[in-house]
Amino acid sequence: MSLRDRLAQASVTEQPVEQSPPESKVSVDAKDAIKRNLQYLLIEDLGTELETADEGDPALRFKIERKLQDLLGRESTPLSAIDKQEIVGDVLDNVLGYGPIEPLLNDPTITEVMVNNPQSIYIERAGRIQTTDRHFVDEAHLLRIIDKIVGQVGRRIDESSPMVDARLPDGSRVNAVISPLAINGPMLTIRKFSHDPYTVEDLIGFGTLSDRLASFLDACVRGRLNILISGGTGTGKTTLLNVVSGFVPSDERIVTIEDAAELRLHQKHVLRLESRPPNIEGKGRIAIRDLVRNSLRMRPDRIVVGEVRGGEALDMLQAMNTGHDGSLTTAHANSPRDSLARLETMVLMSGIDLPVRAIREQASSALDILVHLTRLRDGTRRVTQVSEVEGMEGDTIVLQDIFYFDYTMGVDEDGLFRGHLKSTGLRPKFMRRLEDQGITLPPEVFEYEPPARR
């Protein structure tokens, strides 16, 4: 030990003992270089074993930890115990997990992970976007993690196919974009799916639903009404669809159709279908529309489509109009009225030249309820409007609001909206249909609540 180091050590011992761990004297770049070298050595030594191994295998994890400790013992760079622990943990995440985003994916409070480039990683927590201090070693490191994610579900990403939608084994939705489409480096977005799917009680606790609306939707689903859930990106449409689908009686045969399988229904008689992208030759694509048409031959009691984006909207409306009552789906839109306009556009995307009036008549007779979700400025996701589809008047579809969100209640000192979902006091016309099936709701569900005074 040099004289300077001894003097430094002596000066440290004379100071009061601090509870926080000492700061590392090794630069971030040096640690990244060590991690990179260790990873290459591991892959060279255990390559085939790592490719075929189960990530959750404790024996393999122990073996890799022993190997890393041995390799670190030969490292000439002076490393503290904290440095070694950090390096071992990060290399394990890189080899067995998803690198620096592994702890973010394991954090239940984080709902979305957004990698803008190797040096920039953001998260969404409690509806707010926050930056993190985590980063990938380099662009090649990020590309390896992307390849690992998409490879697990049989997808591929390269220069000929630089954009991919996939999902993690736990159902989390993944989108990746690489060069030449991504200018600033590979981009990765992961919308996490809860390991324990939210229940209706959870949504009531979050303020997304009210007790009244939960009872109302339960009755509507049991009464086999067709429901369209609309909202913008990240408003919680799939989460609400999953909860509402849970109201379907367990003795019914349910077919779910999705681009990426996210729905988790607890009923026993559930058949899950997932679309397939084209292969490297551009062939073999199975679209949502193909699955909707095929599901009609599977004797479904209910058809649940994760989201309609194109021509499948026509097949979905036709299914609702031909005896498949009680079907559920979602669509991107800014309001219930806009969701009907989008449906018209999507039906026209089917390639069948239908008059607009015919499309509107199909939609008005097929759909019973429109439920709209909004992501508010405070980060919360709320149902802000529930409308009944009453039919046609001339060339216009008539909508009647049943519940609305009261924005006039303002915000509190923390910036959170004080408003909640209120009833318009109007009893929907389809209640007669529900009562004919023995399904009743207490009068207070539709009790009028006036808006707050400004």
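Select G394 to begin. In this predicted model, G394 belongs to the hairpin of β13 and β14, where two residues lie between the strands. The phi of G394 is positive, near 70°.

β14 covers residues 396–405 and runs antiparallel to β13, with eight bridges joining the two. To view one facing pair, display E388 together with Q400: the two stand opposite one another, Q400 being in β14.

Strand β12, residues 369–375, pairs with β13, residues 381–393, in the antiparallel sense over seven bridges. Which residue takes a positive phi in the hairpin of β12 and β13? Selecting G379 shows it, with a phi near 90° in a hairpin that has five residues between the strands.

By the rule applied here, the count of salt bridges comes to 23, and the next stops take in some of them.

Select R212 and E449. The closest N and O atoms of this salt bridge are 3.0 Å apart. R212 lies in helix α8 and E449 in the segment after α14 (431–436), so the pair ties together parts that are 237 residues apart in sequence. R212 is partly exposed, with a relative accessible area of 23%.

Then select D315 and R289, whose side chains meet in a salt bridge at 2.6 Å, N to O. This pair also links distant parts of the chain, with D315 in helix α11 (residues 312–320) and R289 in helix α10 (residues 288–295), 26 residues apart. Are these two residues buried or exposed? Both D315 and R289 are buried.

E361 is partly exposed at a relative accessible area of 36%, and R357 is partly exposed at 37%. As a general point, side chains of opposite charge can pair when their charged atoms come close.

The remaining stops concern the backbone in loops. Select S179 and P180, which are joined by a cis peptide bond with omega about 10°. P180 is placed in the loop between β5 (173–177) and β6 (187–191).

Continue to A126, in the loop between β2 (120–125) and β3 (128–131). The phi of A126 is near 55°, a positive value in a residue other than glycine. With a relative accessible area of 61%, A126 is exposed.

Finish at R224. Where does R224 lie? Its place is in the loop between α8 (211–222) and β7 (227–231). R224, too, is a residue other than glycine with a positive phi, near 60°. At a relative accessible area of 22%, R224 is partly exposed.

Note on methods: Residues are numbered from 1 along each chain as its sequence is written. This is a predicted model: local features need pLDDT of at least 70, side-chain atom pairs count only at pLDDT 80 or more; totals for chains, interfaces and linings use all residues. Side-chain values use heavy atoms; hydrogens and water are left out. Two strands pair if DSSP finds at least two bridges between them. Helices (H or I, at least four residues) and strands (E, at least two) are DSSP runs, numbered from the N terminus. Buried means under 20% relative accessible area, exposed over 50%, partly exposed in between (1.4 Å probe, protein chains only). A salt bridge is a side-chain nitrogen of Lys or Arg within 4 Å of a carboxyl oxygen of Asp or Glu.
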